[in-house]
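Please look through the sequence and the structure shown below.

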Amino acid sequence: MSRITQLFFAGFAMLAIVVWAAMPANAEEVTLEVEADSPAAAEAPCTEAKCPACEDGTCTGEDCPLKATTVAASSDKPVISAAESEAELGTPTHRQVKIIKANQEGLSNTKLNCFCMTLDGRILAGCGSSKDNGEIRVFNSDGDYVETWSTPVKVEAINVRANDGHVFVAGDGRLVQLDDTGSLIADKPSPHASVSKEQAAKMRQAVIDQLTSRVKLYQQQAKIYDQQIELIGAQVEKLQTKLDELPAAEEGTDEAAEGEEADSESAVASRTRAMFEKQLTQLERSKGSLERTKELWNKRIEQLGDAEPSEEDIQRQIESQVSRKLAVASISAVDDQVYIACSAAVGYGYSVWAISDDFASGEEIIGDLRGCCGQMDVQVNDHGIYVAENSRDRVVCFDHKGEEVTHWGHSAREGIRGFGSCCNPMNVAFGPEHTVYTAESGTGRIKQYTSDGQLLQVVGSADLVPGCKKVSIGVSSDGNRVFMLDITRDHIVMMDRIPAEERKQMVAKAQADDNAANSDDTDEAAGEKPVADKVTQLKASQPIRVRAAAIRAIQVQPAIKAVPAQ
């Protein structure tokens, strides 16, 4: 926050204190005679502590204490602004402080699948490995266990509606609604789980095509094995020829001979022979492994033959695909609509469905989304539907009807502007002032954006087991606490905001490091190569005895320059 902004809000706070001190001692007992919906209430200046006209925004009183209180309260809200430098942008605002374990002493072991946050800051951990042991474990805002709610499904996805705190759960092809105490309101099959006759026919044909093409794929793979075996065979023959051309090893020749004996023709030939024989053994082993694998493929091809796939094979594959398509990757709700991300009815993409909050009806509104590892996160608020389309390395914002509004992001192995590792961002969440937080699997990195995609800050990185997987995140209402799912370890990482003064020092150090790096770049551009580059060049161009002394001289040179003149 800038100095001017601090003074601005401090002034409003002082005004609120002065006005509050001037209020009558029995202000809470004063009853206004003017009714809230009367014209007088909208026009008369207000000097009382309670003003119905203020509540609907029509009061014109300049000295209204209720308005003063509102202004003072607004100064406590987090101020969202972009970083002023790259050093500040890349310096994390939060650090990991605690691990919240789903499996604690006194509780039965379970599988943690997802989590979300309630309006009052509690953590709802969705657990279970089947519909028989589905449950939600509730933790307070500090990560302490409170209680467990039973659910009629395995909790695959979970979220809380902002306007009333109701909890929405998806699992086993069903949708569940609970109130904010865990009591059941609704439990019905999800509309996306009902497959139409047309979709069933397409799915069946896709399975038949897949099974039919399987034989062709096996035959193609068998040909590849033939080519690899032939290539290795040629290498073996070539190596054997070289081996035969070597002079016969002299009796008593030792590979480890030293001095002049080590440089003799017979010693060199002996070492070369040993190297060739080792390579020959490795090639023969690889060739044998390929031949055995090819034999297995040929047996499988013979079993399948040219016959059409059996009805049993077709049904088995259809059941497998239906099970995958019933799974819900994420769920979110706003007003009377629930939004879920799930596999497309046909093919390997993902779709977003809009469903009534009584689960009676729904329709696909977004299709052709690309995701990997069964993950596609959708979160919705008043601004729209935000999707972490991980296989395209971007966040996409749609309106509530499914029309794209904007998108941002790109793949980047380095830096903070893009999304790193494989298939990111994996998850999104909302923070103060409708900001959007993104989570990256593999790196554990969390970033904060404006609702239209402007990067505001690197929030921090959680210590996670690497991998392409769900990394759900949650943000407290003030933004001071951030949570991230480590699904492999069945726990949630808690991160707290770094104190302002400490972070200020971190930013200063990052800025100093950037300045030093830029200085090195300037020296290099002027013809003065950095020490590391000089050493690398010497290692590549000079014999070992010559380069050792030269490297020591180069490395000592900067230290000599740093010694002040006497």
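## A network of charges

Asp368, Arg370, Glu389, Arg392 and Arg394 are joined in a network of salt bridges. A salt bridge here is a side-chain nitrogen of Lys or Arg within 4 Å of a carboxyl oxygen of Asp or Glu. The structure holds 20 salt bridges.

The model is predicted: local features need pLDDT of at least 70, side-chain atom pairs count only at pLDDT 80 or more, and totals for chains, interfaces and linings use all residues. Residues are numbered from 1 along each chain as its sequence is written, and side-chain values use heavy atoms, with hydrogens and water left out.

## Salt bridges between distant parts

Asp142 and Arg481 meet through their side chains in a salt bridge, at 2.8 Å from N to O. This pair links distant parts of the chain, 339 residues apart: Asp142 is in the loop between strand 4 (135-139) and strand 5 (145-150), and Arg481 is in strand 23 (residues 481-486). Helices (H or I, at least four residues) and strands (E, at least two) are DSSP runs, numbered from the N terminus. Asp142 counts as partly exposed because its relative accessibility is 40%, while Arg481 is buried, with a relative accessible area of 18%. Buried means under 20% relative accessible area, exposed means over 50%, and partly exposed lies in between (1.4 Å probe, protein chains only).

A salt bridge also joins the side chains of Asp357 and Arg161, at 3.1 Å from N to O. These two are 196 residues apart, with Asp357 in the loop between strand 12 (350-356) and strand 13 (362-369), and Arg161 in the loop between strand 6 (157-160) and strand 7 (167-171). Arg161 counts as buried, at 4% relative accessibility.

## A buried pair

Are Glu440 and Lys447 buried or exposed? Glu440 is buried, with a relative accessible area of 0%, and Lys447 is buried with a value of 0%. Their side chains meet in a salt bridge of 3.7 Å, N to O.

Gln177 is found in strand 8 (residues 174-178). It counts as buried because its relative accessible area is 5%. Contact means heavy atoms within 4.5 Å.

Arg137 lies in strand 4 and counts as buried, at 1% relative accessibility. Apart from neighbours within four places in sequence, its contacts include Leu107, Ile123, Cys127, Tyr145 and Glu147. The C-alpha atoms of Arg137 and Leu107 are separated by 9.9 Å, and the two residues are 30 apart along the chain.

## A negative patch

Asp335, Asp336, Asp358 and Asp382 form a negative surface patch. Patches are made of residues with over 30% relative accessible area and no salt bridge; like charges are joined within 9 Å, and nonpolar side chains (Val, Leu, Ile, Met, Phe, Trp, Tyr) within 5 Å. Asp335 is found in the loop between strand 10 (328-334) and strand 11 (337-343).

## The whole chain

The chain has 11 helices and 24 strands. Buried residues make up 39% of its 566 residues. Of the contacts between residues at least 6 apart in sequence, 50% join residues at least 24 apart.

Definitions and conventions. Areas by Shrake-Rupley, 256 points an atom, 1.4 Å probe, with all protein chains shown as cover. Lys, Arg positive; Asp, Glu negative; His and termini not counted. Charge placed at Lys NZ, Arg CZ, Asp CG, Glu CD.
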